[in-house]
Amino acid sequence: PAMADTPLRGYNGRHEWFWEPGDDDKAVYPLANLMDMYEKSVGRNATLIIGLTPDPDGLLPPGDAARLKELGQEIRRRFGTPLASVSGNAETLTLPLKGEQSVNYCIIQENIKNGERIRQYQIEAKVNGKWQTVCKGESVGHKRIEKFEPVEATALRLTVSESVALPDIINFSAYSVK
């Protein structure tokens, strides 16, 4: 898989791969930046490798450890509990929601044991009884996180318009992230 790597201490242009005396927490990326990196790496079928800078005693500075804990908590807050999820071997999967709900994210995951099959897809939301496209993409792989403008929907529909074999989707889930 693709790799995306960044130092945790890289904010304000200070890419610090190694600990230095006098380092402070101002160089640690803010949570919003780290979440953006997460969505643009893990959410696009890559691995995110965050370079950490232990001090001479081999310990992470307390601010670094706290930020990493915040990152894990935020990932769980956003994506830990879907509104609904479905899986299947099909070119079209419909994800019914419990009544009308605000949705602004979805996650798609392929069973990559069988290879990455999806080449093009679109996601539609059922709004006021009509399907409307909320996003399109060109690959999925292990994980694709799609963010779109919030809609009040009763269902989402994933349609694979191009693939190399029958899509094997192990997770298509919807989220409302505030």
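Leu48 comes out as partly exposed, with a relative accessible area of 22%; on this scale, buried means under 20%, exposed over 50% and partly exposed in between, using a 1.4 Å probe and protein chains only. The model is a predicted one, so local features need pLDDT of at least 70 and side-chain atom pairs count only at pLDDT 80 or more, while totals for chains, interfaces and linings use all residues. Residues are numbered from 1 along each chain as its sequence is written, and side-chain values use heavy atoms, with hydrogens and water left out.

Leu48 sits in strand E2. Strands (E, at least two residues) and helices (H or I, at least four) are DSSP runs, numbered from the N terminus. Setting aside neighbours within four places in sequence, the contacts of Leu48 (heavy atoms within 4.5 Å) are Ala4, Thr6, Met37, Tyr38, Ser41 and Val42. For Met37, 11 residues away along the chain, the C-alpha to C-alpha separation from Leu48 is 7.8 Å.

Now to helix H1, which spans residues 31–41 and has Leu34, Met35, Met37, Tyr38, Glu39 and Ser41 as buried residues. The cover over those buried residues includes strands E1 (2–7), E2 (46–51), E4 (92–110) and E7 (144–163), along with helix H2 (62–79).

Next, the charged pairs. Side chains of opposite charge can pair when their charged atoms come close. With a salt bridge taken as a side-chain nitrogen of Lys or Arg within 4 Å of a carboxyl oxygen of Asp or Glu, a search of the whole structure turns up eight. One of them joins Asp36 and Lys40, at 3.3 Å from N to O. These two are four residues apart in helix H1, so about one helical turn separates Asp36 from Lys40. Asp36 is partly exposed at 36% relative accessibility, and Lys40 is also classed as partly exposed, at 46%.

Another salt bridge pairs Arg78 with Glu39, where the closest N and O atoms are 2.7 Å apart. Arg78 belongs to helix H2 and Glu39 to helix H1, so this pair ties together parts that lie 39 residues apart in sequence. Both Arg78 and Glu39 are buried. Glu74 and Arg77 also make a salt bridge, with 2.7 Å between the closest N and O atoms. That pair stays inside helix H2, three residues apart, or about one turn of the helix. Glu74 counts as buried at 13% relative accessibility, whereas Arg77, at 46%, counts as partly exposed. Put together, Glu39, Glu74, Arg77 and Arg78 are linked in a network of salt bridges.

Finally, the chain as a whole. Its secondary structure comes to two helices and eight strands, running along the sequence as β-α-β-α-β-β-β-β-β-β. The C-alpha atoms fill a box of roughly 60 × 35 × 25 Å along the principal axes. Of the 178 residues, 45% are buried. Among contacts with a separation of 6 or more, 72% are between residues 24 or more positions apart. The charge tally is 22 positive and 24 negative side chains, and the centres of the two sets lie 7 Å apart. Here Lys and Arg count as positive and Asp and Glu as negative, with His and the chain ends not counted, and each charge is placed at NZ of Lys, CZ of Arg, CG of Asp or CD of Glu.
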